[in-house]
Structures are given as structure tokens and as C-alpha cells.
Amino acid sequence: MMTYRPRRNRKNAATRNLVRENTLTVNDLIAPLFVIEGENLSIPVDSMPGQSRFSIDLLVKEVKELAGLGIPCVSLFPALDDSLKNPTATESYNDNGLFQRAIRAVKAACPEVLIMTDVAMDPYSSDGHDGLVDATTGEIKNDETLEILAQMAISQAKAGSDIIGPSDMMDGRIGYIRDALDEEGFSKTSIMSYTAKYASAFYGPFRDALDSAPKSGDKLSYQMDYANKREAIRETILDEQEGADILMVKPGLCYLDVISEMRNQTTLPIAAYNVSGEYAMVKAAAEKGWIDGEKIMMEMLMAFKRAGCNMILTYFAKDAAKLLAK
Ligand code: PBG
């Protein structure tokens, strides 16, 4: 006699539906989008098939479509002309800059959609780094960067950002930005911290999209070493103490163990960023006919839920939302 037959719980669709441990819904999805200057422009990102850089008018159109599919949140990134970049990223807190105008336009057209905005110097910096670069030593200066990040966050909040997403990995930035937002009257603006952001080659296609790769050096002195897991817990504790509302792990797929560990350590919601390189790999293999792109997409997204995520930033958001609606 065989007492235990786990296959009984898999015997048909109805049983499998009853015992399923995790679900993926459109409410879990955050769609990252790129914005550029101009009108009626949609410039495809070669290394991210299906993704484009949109001028503000087409960005608004895209967000309306995503809203129609039930996607609750978009995360916006600006691709700026090189002429607007400088060592101190002053364009990042220009209240009439491309990014701020994009935030206002999306908010006006789709007030029900949450807008998340990235805080880091790289899209605005002539050095392509997330923090201030010391001109003589090349070092990324921590404390001097915080003031710029705070101004950027305030400018984004003023424009209508609902969730500030510091992706820079400077020490102490969550507390610094929280204080700055509160002092300016933005106590309702949330912070989703890029808590465990690893120095990763998976960001390659994103840097193509924004032309934001570092002009020299790498990001190893501020983004985390991918050999480390306990360090993510250290960052979790600090971000909690500094007042983060949501914690993020980035990249996603190679870091499910980190998500799972953080899930056990914090009561805060956790997000994963299913980044550009992860998206590009699936698209490229699917284009070659080597894998079933849609099925792999859904399996990956569910893996984030199984690991303990509440939400997923993913370039698959629109495709997945369409599939979930069927
Ligand atoms: C900027 C930033 C990056 C990403 C999100 N915000 C790139 C980087 O840190 O170099 C990557 C997102 C992706 O690859 O999809 N600090």
C-alpha cells in the first residue's frame, strides 16, 4: 500500500486550481517605460524587442492602454540628450525638464495609475554614474550626492510622482530623501527603495535604451557584489529604519534566494525588478524559436511570487496583462 500519493493533488485542473499556492494577477505588475523629447515619436530599443522610447504624447497613449488592461503602476525613466547632462545632474531637478513634464502629462491623463519615478544621477550625469564623481580621484562621493538626490525626489514629487524609487545605492539616502520629502509637505509620497541592487551585467539593454552607461569605471563601489546575500539583509534593516515603504531586489531572476531571505526578515512589501537583460534573453531565444516566450514569461513571473514578492517591475507587464485577461 502506498499511503502518500502527492499526484492526487495534481489529478485534474479543478484540483490543481484548489491547491495552487501562489497566483499572479495584473495587480502585481509595474510597467517600466522610457520617455524622450519630441512629438509622435516611438523609437524601438534594439536590444529590448517590443520596448520603445516614447515622446510624451505617445507615452500618455501607452499608459492609457496599460491602464485599460488594469496595470496599477508605471515606472518612468527619461532618455536625455547628451547636451543636458553635466557632472552634477542639474537637469534632474529642473521642474520643467522632460521627466517632470512627462510625469505631469501622465498624471493628468491617467490619475488612477500610480507613477513611480527613479532617483539616481545616471540619466542626467555626463559621467554616467549614479552619484557625484570626484574629478581627481574618480571616487563616487556619497554624502555630497544625497543633496542632489533629495532635490530630484522633491522635483518628481512636485510633478506628481506617487512612488519615489531611489536606485543609486548611496548610503543613508532613504532617510535623507524621506526627511526632505516630509519637510516639503510630501509625507504621502511613498518610497520604494532599491534595497538590494546588485552590480549586474543584466542592466546592459537598459543602458542602451538611455545611453547611460558609465563613461569610465564601473558601479562596483556602490552597487552590491553578487556573491553576497547577508549584505542584503543589512540593507533591508537600514532601509526599514530609514522609512522605506517597499523594498526591492534587482535584478530578479538570479536573486530569488535574496528575495526569499528578505521575505523572512521583513514585514514590508517586497518588489522584484525583472530587468532588461532578463527580458532580452527571453525575447531573443523566443525569436529564434528555441523557447516558448509566453510560457517562459509566465513561469518567470510566478517564480517571483513564489519567492515572496508582492509586485514585479517587468517589461513583460503588457504582454502578461493581456494573457491574464484571456
Ligand atoms: C539607474 C537604473 C538602472 C536600472 C534601473 N535604474 C541601471 C544601472 O543601475 O546601471 C536598470 C534597469 C534594467 O536593466 O532594466 N540607476
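Lys 197 is found in strand β9, residues 190–197; strands are DSSP runs (E, at least two residues), numbered from the N terminus. The structure is a predicted model, in which local features need pLDDT of at least 70, side-chain atom pairs count only at pLDDT 80 or more, and totals for chains, interfaces and linings use all residues. Residues are numbered from 1 along each chain as its sequence is written, and side-chain values use heavy atoms, with hydrogens and water left out.

UniProt, in an unreviewed entry, places the feature "active site" at Lys 197 and Lys 250; such annotations may be inferred rather than shown by experiment. Although spread over 54 residues of sequence, these residues cluster in space, with a largest C-alpha distance of 4.9 Å. The lining of the largest cavity includes both Lys 197 and Lys 250. A cavity is a set of points, on a 1 Å grid over the protein atoms alone, where a 1.4 Å probe fits but cannot get out, and lining residues have an atom within 4 Å of a point.

The ligand sits in the largest cavity, meaning that more than half of its atoms lie within 2 Å of the grid points. Of the 18 residues around the ligand (a heavy atom within 4 Å), Lys 197, Arg 207, Lys 250, Ser 276 and Tyr 315 come nearest.

The table gives polar contacts, pairs of N or O atoms within 3.5 Å.

| Side chain | Distance to a ligand oxygen atom |
|---|---|
| Arg 207 | 2.7 Å |
| Gln 223 | 2.9 Å |
| Ser 276 | 2.7 Å |

Taken alone, the ligand exposes 400 Å², and the protein buries 100% of that (Shrake-Rupley method, 1.4 Å probe).

Note on methods
A polar contact is a pair of N or O atoms within 3.5 Å; within protein, one must be able to donate a hydrogen and the other to accept it, and residues adjacent in sequence count only if both atoms are side-chain atoms. On a 1 Å grid over the protein atoms alone, a cavity is a set of points where a 1.4 Å probe fits but cannot get out, and a pocket is an open set with protein on both sides within 12 Å along at least five of seven lines; lining residues have an atom within 4 Å of a point. Helices (H or I, at least four residues) and strands (E, at least two) are DSSP runs, numbered from the N terminus.
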